[in-house]
Structures are given as structure tokens and as C-alpha cells.
Amino acid sequence: MNVPLLDLSHQHQPIQEDIASAISEVVSSNAFILGQDVTKLEQQIADYCGVDFAIGVSSGTDALLIALMAIGVGPRDEVITTPYTFFATAGCIARLGAKPVFVDIDPISYNIDPEKIEEKITPKTKAIIPVHLYGQCADSAVINDIAKKHSLYVVEDAAQAIGAQTSDGRKAGNLGDLGCFSFFPTKNLGCFGDGGMVVTNHPEMNERVRVLRVHGSKPKYYHPVIGGNFRLDSLQAAVLNVKLPRLETWNLERQENARRYEALFDTSDLISAQKVQLPKAVYADSKVPNYHTYNQFVIQVPDRDALREYLQKKDIGTEIYYPLPLHLQKCFHYLGHKKGSFPQAEAAANNTLALPIFPGLKPEQQGYVVQQINSFFSG
Ligand SMILES: Cc1ncc(COP(=O)(O)O)c(C=O)c1O
């Protein structure tokens with residue numbers, strides 16, 4: 001049986017005609033940059049996230065970059081984030097000449113450990129970027145308290161977490177000063193290329209991001225500030241406008257698939273034998289689970305690389321997010337970290353494996369995945 005890590009055809013097939021006609025309308029309009037499809041998407045995303053403003057941009061990376069530009073991050077500033085994330089989170093800090101200051105992760109949620117943030121705050125700290133990794137919100141209540149106490153901005157890297165909610169029901173993107181989403185095709189809401197969105201409740205941040213998105217011009221061809229080309233294409237927005245109304249159903253399907261994995265692993269003895277650790281959606285201080293949207297379903301296992309190879313031979317797709325934490329990347333050697341600096345991030349990088357979780361994944365495919373993991377550990 002073949003089980004790919006991700007198969008988008010289940011999502012796209014039923015709406016293929018709607019997407020084709022949305023694309024064809026853009027083609028007929030001859031308007032390809034920003035325009036009414038982008039405006040419509042911005043309104044819909046703002047409503048969906050419960051925020052006042054949403055600004056369509058060229059990618060999740062650019063959403064982070066422009067959000068940091070909007071709060072004025074520059075040389076001599078420090079920005080606190082996690083070393084266990086996609087490169088863009090820290091890359092954007094460094095690209096603005098600021099220093100990424102890493103804080104280790106909580107080993108259960110894989111998100112930044114709020115207990116370890118305060119000791120890293122200095123007079124140069126400007127902001128905290130919590131990453132809602134794999135589709136689960138970071139512990140925003142604690143992070144926001146710390147930010148408020150020290151007058152810091154919170155920029156959420158919600159690239160993997162559209163639709164995710166905290167245990168008190170607030171949506172990702174509406175937890176800090178600015179929220180950043182990615183519409184990369186593998187995300188829960190993905191377009192047909194690159195795309196992203198910045199969301200905020202601050203009118204002045206909305207204004208700044210909009211101006212920065214078009215080379216810092218206002219009015220056209222007059223530049224009070226230096227920005228860049230961070231615009232979202234109409235074609236991508238048109239596709240996303242068709243897909244967004246289905247997002248909640250797809251997220252629920254991912255959650256159902258997660259429950260099915262839990263039940264399947266429960267009937268094996270892999271968990272009691274401590275061979276497999278499943279993702280958890282509850283923080284220590286809350287009895288109510290987070291609304292985890294499982295952009296990835298990530299397990300921890302001993303002998304991860306051998307298991308991955310074994311599953312590959314059995315036609316099962318998996319991925320490692322991420323094999324080398326950011327503090328050990330060559331480009332960040334200048335920060336002076338070494339092996340052992342962030343032990344939880346390093347352990348996660350060594351032991352985690354993402355299993356297929358996409359909407360449309362069949363129960364028998366999930367059964368096959370768990371069966372093969374079982375046979376690896378019992379063989
Ligand atoms: C946590 C995180 N941050 C930022 C990004 C960057 O988004 P994009 O690929 O749309 O530039 C991604 C996407 O891969 C991500 O997963």
C-alpha cells in the first residue's frame with residue numbers, strides 16, 4: 001500500500017471547477033497583482049481569525065520580514081525565538097541586522113518554553129516570536145504576560161497554524177501584536193505557489209505593513225520609507241478564496257485522523273513500551289486542550305532514521321521537521337552556540353518524525369502506517 005506524506009488531490013478534486021473558474025476570471029480581468037481577489041481574501045482571513053486587519057503578502061517568510069520591519073527591528077536589536085523551527089523565523093531577524101536570541105523548547109509541545117524566556121531578555125530585546133509549530137499555538141498567555149511586563153512586541157509565526165486555537169478559544173494570529181501566515185502548498189490552507197498574510201489589530205501596524213508591501217510608497221512613486229515588493233498575486237488570492245470556506249472541514253479531518261492514530265497506537269503496545277510518543281495538545285497549566293490543527297502529526301521514536309528508512313521501503317512517506325536546529329546551522333555559528341546549548345531542541349531534531357495526516361487519508365492507510373511501525377519495533 002502506498003501512503004504519501006501529503007496528497008493534495010483529495011482537497012483539490014472536488015473544487016477543481018470552482019478553482020478553474022476563479023483563475024479564468026482573473027485571467028479575463030487582466031489584473032494580476034493585489035486587486036479585488038486579494039482584498040476579498042484579506043477580509044475573509046481577518047473575519048476568520050477574529051482580527052481587525054489582514055494584509056496579503058508574497059510568502060510566509062515575507063510576512064515575518066515585513067512584520068519585523070513594521071515594528072522597527074534593526075541592527076543592535078535582539079529578537080527572542082525558538083531554535084526548533086523553519087529557517088525563515090530566525091533568518092528574517094538576521095536579515096534585518098538584528099540578533100536572533102534562542103530559547104529552548106518545551107519537549108512536549110515543541111514550542112518555545114515560556115519559563116526560559118525572561119532570563120534571555122536584555123535592554124536590547126525588541127520582540128518575541130513564538131512559533132505555533134505543527135499547528136499548535138505556543139503558550140501565548142504566559143508569553144504575552146512576559147512581553148507586557150518588559151514592553152516587548154509579540155510577532156506570531158503562525159505559518160503552520162491557520163485555524164489553531166488556544167485552550168481559551170482565541171485563534172492563532174490574534175494572540176500577539178502581529179500574526180504571520182504562510183500559504184505554501186503544504187500548509188493547511190495552501191495556494192498554488194507562494195503566498196502569505198500578516199494580521200493585526202493595530203491600525204498603525206496595518207498602515208505600515210501596507211506601505212512597506214509596495215516599496216514603502218505612499219502615494220505611488222513617493223517613498224517615505226524603504227519597503228520591498230511583498231505583494232500577493234491575484235491568482236493565488238483567487239485560489240485561496242475558493243479554498244478558505246473548506247479550511248475548517250479540512251482541519252477537523254486532520255483532527256479526526258490524529259484521534260484515529262491515537263486509537264491505533266493505543267491498541268499496539270508501542271506507547272506503553274515507550275517506543276512511540278504521540279503529540280499532545282494540552283499545556284501543563286490547563287485542563288482544556290488546545291485546538292491543534294495538525295499541519296504535521298509528529299511522533300518521537302528511538303532509532304528514528306532507521307524507522308524512516310524502513311517506512312520508505314514500505315512505501316510510506318515521512319519527513320523530519322527539522323533535522324538540524326537553527327543554533328547549529330553554519331550561518332548562525334557567529335552566535336557562538338554549540339551542541340548541548342539547547343538540549344530539548346536537539347533531542348527533538350534527533351527523535352521526531354512526521355507521519356501522513358492530510359485530509360483524505362484513509363483509515364486503512366493509517367492502519368498500515370501503525371502496523372509497519374509496530375513491525376519495525378518488534379522485528
Ligand atoms: C514555521 C514557519 N515559518 C515560516 C515559514 C515560511 O513560509 P513560506 O514558505 O511561505 O515563506 C514556514 C513555511 O515553511 C514555516 O513553517
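Residues are numbered from 1 along each chain as its sequence is written. Because the model is predicted, local features need pLDDT of at least 70 and side-chain atom pairs count only at pLDDT 80 or more, while totals for chains, interfaces and linings use all residues.

**Around the ligand**

Let's start with the ligand, which 15 residues surround. The closest are S59, G60, T61, A159 and S182. Here a residue is near a molecule if its C-beta atom, placed from the backbone, lies within 6 Å of it. Helices are DSSP runs of H or I with at least four residues, strands are E runs of at least two, and both are numbered from the N terminus. By class, the shell has five nonpolar, eight polar and two charged residues. Ala, Val, Leu, Ile, Met, Phe, Trp, Tyr, Cys and Pro count as nonpolar, Asp, Glu, Lys and Arg as charged, and the others, Gly among them, as polar.

Helix α5 also has a buried side, made of A88, T89, A90, C92 and I93. A residue is buried if 20 or more other C-beta atoms lie within 10 Å of its own, exposed if 12 or fewer, and partly exposed in between, with C-beta atoms placed from the backbone. These buried residues pack against α4, β2 (78–81), β3 (99–102), β4 (125–129) and β5 (153–157). After α5 comes G97, with a positive phi near 85°.

**Helices α2 and α8**

How do the axes of α2 (residues 16–29) and α8 (residues 234–243) cross? They come within 9 Å and cross at roughly 150°, which makes α2 roughly antiparallel to α8. Axes are lines fitted to C-alpha atoms over the stretch in contact, with angles from 0 to 180 degrees between N-to-C directions. Angles under 35 degrees count as roughly parallel, over 145 as roughly antiparallel, 65 to 115 as roughly perpendicular and the rest as oblique.

From α2, the residues D18, I19, A22, I23, E25 and V26 meet S234, L235, A238, V239, N241 and V242 of α8. Contact here means C-beta atoms, placed from the backbone, within 7 Å. Eight nonpolar, two polar and two charged residues make up this contact.

**A buried loop residue**

F183 sits in the loop between β6 (178–182) and β7 (196–200). It counts as buried because it has 31 C-beta neighbours inside 10 Å. Beyond its neighbours within four places in sequence, F183 is in contact with L189, G190, C191, G195, G196, Q236 and L240. K313, by contrast, is 130 residues from F183 in sequence and 31 Å away in space, C-alpha to C-alpha.

**Backbone spots worth a look**

| Cis peptide bond | Omega |
|---|---|
| K218 to P219 | about -5° |
| Y321 to Y322 | near 15° |

P219 is in the loop between α7 (203–213) and α8, and Y322 lies in the loop between α10 (304–313) and α11 (343–351).

Y110 is not a glycine, yet its phi is positive, about 70°. It is found in the loop between β3 and β4, and its 25 C-beta neighbours inside 10 Å make it buried. D315 is another non-glycine residue with a positive phi, near 70°. D315 belongs to the loop between α10 and α11, and with 12 C-beta neighbours inside 10 Å it counts as exposed.

Technical notes. Contact = placed C-beta atoms within 7 Å.
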